[in-house]
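Some labels in a structure description rest on a number and a cut-off.

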Amino acid sequence: MRPAPVVLVSGPENVLAERAIGMLRDFLRSEDPSLEVSDLEADGYRRGELLTLASPSLFGEPRLIRVSGVEKSSDDFLLDALEYLPATAESTTLVLRHRGGMRGKKLLDAIRAGGGDAIEIVCAELKKDAEKQDFAAAEFRAAGRRIAPAALRALVAAFSDDLGELSAACRQLLADAPGDIDERTVAKYYGGRVETTAFAVADAAIAGRQGEALIALRQALESGSDPVPMVGAFAVKIRTMAKVYGARGSSAQLASSLGLAPWQVDRARRDLVGWEDAGLARVIEALAATDAAVKGAERDPVFALERLVVLIADRGR
């Protein structure tokens, strides 16, 4: 990211977009504390507002104009923005937030073809756990703090559904917990949340702790967890184990060939202790049956999940 006369912040991930826009504002303000910040909403925009805000002030303060909702722009905004692009105002940074869709395509195309006068910051949705772990790890790294890999996995598992909540959890740990962050620290602050996640249930079952896994499963369901994504969590871990089973080579080599992160290979190898290929095959078949069961093929999805947990805890025997 760098300052430019026009900055397009595109993509659906609001947390990343807000972070990028905030960093840009802070940089511009550090360059000149007299920075004047203005906000516009593209959907309720009226002709001339952009040019009025961008016009030079009496004292020549730099300007930052933030425009939200460009994906639902009014026609007036699109006309003014297209007229503004070829002749941007001096000492003015225009930030356009577009979450996605075809509205404003002509404007987006013009910005993307604008050479050095415009840049685009893409804020794509973080869908994979590995991406969310990279995000959280970067939060701690930027603060000069360390978080243990197991603690990082537990934290992401607890807040995997909402990047905003994950970011807030990272900030809370950084503000309130001294020193390096380990599993005990995460459990202290978010124990209830961590203990009822699908991945915690899966971890207990895969380790053969049947009673613990069944209790965690019931806690998760009572706290509102949906059976469908819970089956998905089991599937992610079992399929990773199946990929790694019998494979030889270093973690880095296997990670590259299997499309995994090295820590995922290491974790799968630990999880595979005591498993045999026949047991893995039976569990994979049971996963498919349970997936169908929780989507309506059986009357009792909870019983189907419990049956799966017992089978996994018994390593498919």
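Contact means heavy atoms within 4.5 Å. This is a predicted model, in which local features need pLDDT of at least 70 and side-chain atom pairs count only at pLDDT 80 or more, while totals for chains, interfaces and linings use all residues. Residues are numbered from 1 along each chain as its sequence is written, and side-chain values use heavy atoms, with hydrogens and water left out.

Q: Which residues of helix 10 and helix 15 meet?
A: From helix 10 come Gln 210, Ala 213, Leu 214, Leu 217, Arg 218 and Leu 221. In helix 15 they meet Val 302, Leu 305, Glu 306, Val 309, Val 310 and Ala 313. Helices (H or I, at least four residues) and strands (E, at least two) are DSSP runs, numbered from the N terminus.

Q: Why are helix 10 and helix 15 called roughly antiparallel?
A: Helix 10 (residues 210-222) and helix 15 (residues 301-313) pack at about 155°, and their axes are 9 Å apart. Axes are lines fitted to C-alpha atoms, for helices over the stretch in contact, and angles run from 0 to 180 degrees between N-to-C directions. Angles under 35 degrees count as roughly parallel, over 145 as roughly antiparallel, 65 to 115 as roughly perpendicular and the rest as oblique. The angle of about 155° therefore makes the two helices roughly antiparallel.

Q: What is the handedness of the crossing of helix 10 and helix 15?
A: Helix 10 passes helix 15 in a right-handed crossing. A crossing is left-handed if the near helix is turned anticlockwise from the far one by less than a right angle, and right-handed if clockwise.

Q: What makes helix 11 roughly antiparallel to helix 14?
A: Helix 11 (residues 227-244) packs against helix 14 (residues 277-297) at an angle of about 165°, with axes 10 Å apart. That angle makes the pair roughly antiparallel. Their crossing is left-handed. Among the residues of helix 11 that meet helix 14 are Val 231, Phe 234 and Ile 238; on the helix 14 side they include Leu 280, Ile 284 and Leu 287.

Q: How do you know whether Gln 253 is buried or exposed?
A: The relative accessibility of Gln 253 is 53%, so Gln 253 counts as exposed. Gln 253 belongs to helix 12 (residues 251-258).

Q: How do you know how many disulfides the structure holds?
A: A disulfide is a pair of cysteine sulfur atoms within 2.5 Å. The structure holds 0 disulfides. For Cys 123, the nearest cysteine sulfur is that of Cys 170, 17 Å away, and Cys 123 is in no disulfide. Cys 170 is in no disulfide either. Cys 123 is buried at 2% relative accessible area, and Cys 170 counts as buried at 0%.

Q: Why do strand 2 and strand 5 stand at the edges of the sheet?
A: The open sheet has 5 strands in the order 2-3-4-1-5, with parallel pairing. Strand 2 (36-41) and strand 5 (118-122) each have a single partner strand, so one side of each is left without a neighbour in the sheet. Neighbouring strands are turned by 15° against each other on average, direction ignored.

Q: What makes strand 1 and strand 5 a pair?
A: Two strands pair if DSSP finds at least two bridges between them. Strand 1 (residues 6-10) is joined to strand 5 by 5 bridges.

Notes:
Buried means under 20% relative accessible area, exposed over 50%, partly exposed in between (1.4 Å probe, protein chains only).
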